[in-house]
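Hi,

Here is the structure I promised to pass on.

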Amino acid sequence: MAPCRFRVEENGAGVDKEVINKFDNKDKRIGGTCVYEGLFYGRPGLLERLANGGTLVVAEGYIFEFERRGYLQAGAYVPEVILEHPEIVRQVYEEFVHAGSDVVLALTYYTHREKLRTIGREGDLEAMNRVALQMAREEQIELAVELGADYIVGETFCCYGESMMALRCIQKYGNVPAVITLSLGTGDLMLDGVKVKDTVLALEAAGAAVVGFNCGRGPETMLPFIQDIKPLCKVPFAALPVCYRTTPEQPCFQSLTVPGTNNRAFPLDLCACQTSRQQIDEFAHACRKLGVQYVGLCCGNSAHLTRIVAEVYERTPPASKYTPDMSQHYMFGDKSRFRKEFTEGLRASKGGDFD
Ligand SMILES: [Zn+2]
């Protein structure tokens, strides 16, 4: 196996050898994603990895995670944290690998010129995102490949046309495999009126290496689309839902309301609609059963949820050392090990069914 290549950003936002070597993940790869593209470094490459039913666990959802941590402003959602606190970016990369992500997607989401202009930081484009060095997408892709990208991610597409354009650009300028994932709306149509199913099949026919869905919908409402469309695809399928409790009535996380109110939850109060660990576990099992090979979590993701997906997909990441063990808990574990007032008295006083 050829050694992985590592990228160290001038601004310190890149992943360095330390992050990867720390976990002895010689086959981990470094990547980057933005609105349209991502990078993926190292060997074996994407296609080898997914050959013969191989799988890939992919942690995403950086933007919301940094906002939650207090390093990114909700609204424009531009990841200024890259320049202002690169050490935190590195820490989250590290956390996701530690929790079982097979890849590190570099934080380049929303670091394109249009977004930077929104907050008057257009001048920081180069420093914030070397991949976005040039405004044109094509030039970004060429640079990505020059830097050693192994595959490119085009994600969160709401339009058929845009997704096809991205695929063609990757093919024309990238000459590397393309992962193209769509962001589903409330119905079965893309924004430009093309059916989701037809879009996925067209992307596959046009040569995408992996097709599927990311963002937009949570586990419960993304799953029916996976069940319907995945069996029609010959190439590996991708599923990366948001970690929010979307429902048939409110199928997209943008449409969620805070439980018990009519207030829209998106984006600031989505924490009131976070998925349970159980839901993520069930989703990962369902995906595995359906043969989803490229699996992960988008907005709302954090390390404890990524670990669940990784473990369902038979990974044992370093974080598995801390996988919950309720037999050690004073209210749930072996009663003989704890004082009676804790095991029985406290259970009675707190209410609910603990058995
Ligand atoms: Zn997302």
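Predicted model: local features only at pLDDT ≥ 70, side-chain atom pairs only at ≥ 80, totals over all residues.

Residues are numbered from 1 along each chain as its sequence is written.

The protein's secondary structure comes to 14 helices and nine strands; helices (H or I, at least four residues) and strands (E, at least two) are DSSP runs, numbered from the N terminus. Of the 355 residues, 48% are buried. Buried means that 20 or more other C-beta atoms lie within 10 Å of the residue's own, exposed means 12 or fewer, and partly exposed is in between, with C-beta atoms placed from the backbone.

Now to strand 5 (residues 152–157). Six of its six residues are buried, so the strand is largely enclosed by the rest of the structure. Strand 5 pairs in the parallel sense with strand 6 (residues 178–182) over four bridges; pairing takes at least two bridges found by DSSP between two strands. Across that pair, Phe-157 stands opposite Leu-182. Together with helix 9 (residues 160–174), strands 5 and 6 make a right-handed β-α-β unit. Right-handed here means that, with the strands pointing away from the viewer, the path from the first strand over the helix to the second runs clockwise.

Strand 8 (residues 237–240) has parallel partners too. Four bridges join it to strand 7 (residues 210–214), and Asn-214 has Leu-240 as its bridge partner. The chain gets from strand 7 to strand 8 through helix 11 (residues 219–229), in a right-handed β-α-β crossover. Strand 9 (residues 294–297) runs parallel to strand 8, joined by two bridges, with Ala-239 opposite Val-295. Strand 8, helix 12 (residues 277–290) and strand 9 form a right-handed β-α-β unit.

Which way do the residues of strand 8 point? Phe-237 and Ala-239 go one way, Ala-238 and Leu-240 the other, and all are buried.

Most residues other than glycine have a negative phi, and most peptide bonds are trans. Phe-266 and Pro-267 are joined by a cis peptide bond, with omega about -10°, and Pro-267 sits in the loop between strand 8 and helix 12. Tyr-77 has a positive phi of about 55°, and Glu-314 one of about 60°. Tyr-77 is partly exposed, with 17 other C-beta atoms within 10 Å, whereas Glu-314 is exposed, with 9.

Cheers
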